[in-house]
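Me: Please take a close look at one part of the structure below. I would like a connected answer in plain words.

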Amino acid sequence: MRPPVRPPLDGLKHRLAQERETNATRARDGFLRETFRLPRTDARAKAREWFDRWPKQAYWTEIESWFERPDDVIEFTIRRLPTSD
């Protein structure tokens, strides 16, 4: 009776390396971040939606960075704490 043949681990090793690289670039400060690229009026509405849903006083919601792009498009990153505790 032969022992079972082990499957190749190349795919798993590659996936682990990708995951570690992604996690290394992610900030480890506890904030959840999301980046949007929207026309100016839609960007204001999205930011207002976030501040209404996750109030600044409880979740420390904040526009972390924003840029004006061509054609009146705003790219912004907004962050908040995952819970209000």
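The part to look at is the largest nonpolar core: which residues form it?

Reply: A word on the ground rules. This is a predicted model, in which local features need pLDDT of at least 70, side-chain atom pairs count only at pLDDT 80 or more, and totals for chains, interfaces and linings use all residues. Residues are numbered from 1 along each chain as its sequence is written, and side-chain values use heavy atoms, with hydrogens and water left out.

Start with the setting. The chain has 3 helices and 3 strands. Helices (H or I, at least four residues) and strands (E, at least two) are DSSP runs, numbered from the N terminus. From that end, the order is α-β-α-α-β-β. The chain is more spread out than a compact globule, because its radius of gyration is 20 Å, well over the 12 Å that the globule rule gives for 85 residues. That radius is taken over C-alpha atoms, and the rule is 2.2 Å times the number of residues to the power 0.38. The C-alpha atoms fill a box of roughly 70 × 40 × 20 Å along the principal axes.

Now the core. Buried residues make up 20% of the 85 in the chain. Buried means under 20% relative accessible area, exposed over 50%, and partly exposed in between (1.4 Å probe, protein chains only). A nonpolar core is a set of buried Ala, Val, Leu, Ile, Met, Phe, Trp, Tyr and Cys residues joined through side-chain atoms within 4.5 Å. The largest one here has 8 residues: Phe36, Ala43, Trp50, Trp54, Tyr59, Ile74, Phe76 and Ile78. Helix H2 (40–53) and strand S3 (73–80) are the elements that give two or more residues to this core. S3 gives the most, with 3 residues. In soluble globular proteins, nonpolar side chains tend to be buried together.

Zoom in on Trp54, a member of the core. Leaving aside neighbours within four places in sequence, Trp54 is in contact with Tyr59, Thr61 and Arg80. Contact means heavy atoms within 4.5 Å. Tyr59 is a core member too.

Glu68 touches Ile74, along with Arg40 and Val73, not counting residues up to four places away in sequence. Glu68 lies in strand S2 (residues 62–69). Its relative accessible area is 54%, so Glu68 is exposed. Ile74, by contrast, belongs to the core.

Residues 24 or more positions apart account for 55% of the chain's contacts with a separation of 6 or more.
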